[in-house]
Amino acid sequence: MIKFKIITTVSIVAMLVLLAGNVYFNSPWFWILLPIIAWLLVTSVGSLSMSYNYFLTSITAIDAIPSKKIALTFDDGPHPELTYPILDVLDRFNAKATFFCIGKQIEKHPEVLKEIVTRGHSIGNHSYSHSNFIDFSSQLKWLEEIRNTDSVIEKVIGKPSKLFRPPFGVTTPNLAKALKETKHNVIGWNNRSFDTVLKNRTLVLKRIIKHISPGGIILLHDTQPNTLYILEHLLLYLKQHQFEAVTINNLLNEI
C-alpha cells in the first residue's frame, strides 16, 4: 500500500498547509477542500484500476515476454451449463485457460471444477460470495472469503490455489491486508472484454482483438451465453496470428 500511503500523507500535509494559510493569512477556506477532493479522485481511480497497484501489487500482464503467449481467464464460474461447452472449444484449439471461481459456485457444482482441472486448466480464487457489497468488507471478512474458497477448492481437487482475483477488479486497504496474510498472487487483466455489459458479441470480439499483445491477460466470463461464440472466434484469430493461449501459471513462468 505504498502508493496509497504516499498519496494520503501528501494530501494531509497539503491540507494542513492550506489550513495554516487560512488561519494566518486569511486565504479562502474552500482551498482546504482541494487536497480532500484530489485524494478522493486518486483513491477512487486507484481502487478501480488494478494496473496502478495502488493498494497492492497485482499482475495485469507480463511485459516484454519473449514468446507470443497470452492468458485466457474466465470469472464467476463454475457454471453447470456454460462451462462445459467452453472447455470443449478450448480442447478443440488445444488452448489452456485459468478459471477464477466463486466458492459458493464450486460447492454447488464441484463436478464442473473437477472437469476444468482434468482438462489441464488452472483454477483461481475469486472470493466465496462475490456479493455486490464485498468491497466494503473488513480484513477479517476478506480473510474468511478467501480462506473459505481455498478450503472448498482443496476439498474438490486436492490442493488450494495461490491465485486470487478480486471481485469486480476492485482493491481496498482491507483486501490488501488480508492478501498480505494469505500470500496469494493477485491477478488482474490488461484486456477487458466487457462481455457482461455489452450484448453485441461482434463488438466484444473486436474490442478484445484490438488490444491483444504478447503477455496479455484477457478477461472473459464463463457465465455469459455469448462467451462461446466470442471464444471460438477469438481462438481462430489467435491461431491465425501464431498466439498460444496458456494458463496464468504458464505465463508467470515467463517472468
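How many bridges join strand 1 to strand 2? Five, and strand 1 (residues 69–77) runs parallel to strand 2.

## Ground rules

This is a predicted model, so to speak: local features need pLDDT of at least 70, side-chain atom pairs count only at pLDDT 80 or more, and totals for chains, interfaces and linings use all residues. Residues are numbered from 1 along each chain as its sequence is written, and side-chain values use heavy atoms, leaving out hydrogens and water.

Helices (H or I, at least four residues) and strands (E, at least two) are DSSP runs, numbered from the N terminus. Two strands count as paired if DSSP finds at least two bridges between them.

## What strand 2 hides

Strand 2 (residues 97–101) is mostly covered, with five of its five residues buried (under 20% relative accessible area, 1.4 Å probe, protein chains only; exposed is over 50%, partly exposed in between). A97, F99 and C101 point one way, while T98 and F100 point the other. In a regular strand, side chains alternate between the two faces of the sheet.

## L143 in helix 6

Over in helix 6 (residues 139–157) we find L143, buried at a relative accessible area of 5%. Leaving aside residues up to four places away in sequence, L143 touches N148, A178, E181 and T182 (contact means heavy atoms within 4.5 Å).
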